[in-house]
Amino acid sequence: MHDIKIIMSDVDGTILNSEGRVSPRTVEAIKAAKAQGLIFGLATGRDIESTEFLFKGWGIEGLVDVFVGENGAHIKDYRLGIDEKAPPLDKQTVRAILDHYSDLPITFMVVINTKFCLMNAQEADSFIHKIGNVKRKFVTAEDIINSDIRKLNLFFRPELTTKIYERYATLNMPNIVGVQTGDTFFEFFDAKYSKSNGLKKVIEMDGLSLNNLLVFGDADNDVSMLADSKIGVVMANGTPLAKSVANYVTEDNDHDGI
């Protein structure tokens, strides 16, 4: 199989189904791959600390060897004992992004000490169910600005999609990347980082190359790793851009695509 030695999967829309669970069939597939000596890991926009607490409920506790979180800004290798975090976003940058969208009815969200912190309480009710069973609280813009964060998340109503993209086009911050990672979800992070760059660090730690890597993804923030890996597999529910760079399209996340 092209000498594949490491398999990495995105989380939302990929390894998780629409109910936010990893199917039993997918869990068994991961176990079978690891039984053959393959390395298995996750590459996601989610932060590592709050996601680790969900492994047991998902049925993958003890199965994850490496974790590339926050779109490559945080890397954790459980086997090698490596835990590397990128510097936080500059506070002035965070303030500028918040100000740029301040007139729109949206919800900004960040993760602070494993707690999901949401701004704009009046708009958050529409999106809070998407987060799942996690600790959360409402915060102010100043709380977000004064926190050490590597990624800024934005929830919005579907009818605002065009406005979100139009506003991003006028942000004028070449050091910041913004990508839509769900129907109502947009992420901002440092342009120096990507899932692909994070994965390159992971495989170098193990003395491997991109020719040994197979990845699964579905969204635009998966494009770099889908394009750079030896085998890139996109879910049937994936975005047109993700499908355009993948080697294969599999079943969707509700039909055991992985």
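These are my notebook entries on one protein chain and on a few of its residues.

**Entry 1: ground rules**

I began by noting that the model is predicted, that local features need pLDDT of at least 70, that side-chain atom pairs count only at pLDDT 80 or more, and that totals for chains, interfaces and linings use all residues. I also noted that residues are numbered from 1 along each chain as its sequence is written, and that side-chain values use heavy atoms, with hydrogens and water left out.

**Entry 2: the whole chain**

I looked up the secondary structure and found 12 helices and 14 strands in the protein chain, where helices (H or I, at least four residues) and strands (E, at least two) are DSSP runs numbered from the N terminus. The radius of gyration, taken over C-alpha atoms, is 18 Å, close to the 18 Å that the globule rule gives for 258 residues, so the chain is as compact as a globular protein of that length. The globule rule itself is 2.2 Å times the number of residues to the power 0.38. Along its principal axes, the C-alpha trace spans about 50 × 35 × 35 Å.

I then turned to burial, and read that 53% of the 258 residues count as buried; buried means under 20% relative accessible area, exposed means over 50%, and partly exposed is in between (1.4 Å probe, protein chains only). The chain exposes about 11,900 Å², of which carbon and sulfur atoms supply 49%; such areas come from the Shrake-Rupley method with a 1.4 Å probe, and for residues only the protein chains shown count as cover.

For contacts (heavy atoms within 4.5 Å), I noted that among those between residues at least 6 apart in sequence, 59% join residues at least 24 apart. For charges, I noted 28 positive and 37 negative side chains, with the centres of the two sets 3 Å apart. Here Lys and Arg count as positive and Asp and Glu as negative, while His and the chain ends are not counted; the place of a charge is NZ of Lys, CZ of Arg, CG of Asp or CD of Glu.

I found D65 in the loop between α4 (55–58) and β3 (66–69), and at 9% relative accessibility D65 counts as buried. The side chain of D65 is joined to that of K34 by a polar contact of 2.9 Å. A polar contact is a pair of N or O atoms within 3.5 Å; within protein, one must be able to donate a hydrogen and the other to accept it, and residues adjacent in sequence count only if both atoms are side-chain atoms. Leaving aside neighbours within four places in sequence, the contacts of D65 include L38, F40, D77 and R79.

E70 lies in the loop between β3 and β4 (74–77) and counts as buried because its relative accessibility is 7%. I marked E70 for its positive phi of about 50°, as it is not a glycine.

**Entry 3: D256**

D256 has a positive phi too, near 55°, and is likewise a residue other than glycine. I placed D256 in the segment after β14 (248–249), and at 26% relative accessibility D256 counts as partly exposed.

S50 belongs to helix α3 (residues 48–52), and its 6% relative accessibility makes it buried. Its side chain makes a polar contact of 2.4 Å with the side chain of D47, and, leaving aside neighbours within four places in sequence, S50 is in contact with V111, T114 and F116.

N212 is in the loop between α10 (195–205) and β12 (213–217) and is buried at 8% relative accessibility. I noted that N212 and L38 are 174 residues apart in sequence and 10.0 Å apart in space, C-alpha to C-alpha. Not counting residues up to four places away in sequence, N212 touches D3, I4, K5 and I6.

G238 sits in the loop between β13 (231–234) and α12 (240–245), and is buried with a relative accessible area of 13%. Leaving aside neighbours within four places in sequence, G238 is in contact with D218 and K243.

A242 is in helix α12 and counts as buried at 0% relative accessibility. Not counting residues up to four places away in sequence, I listed among the residues that A242 touches D218, V223 and V234.
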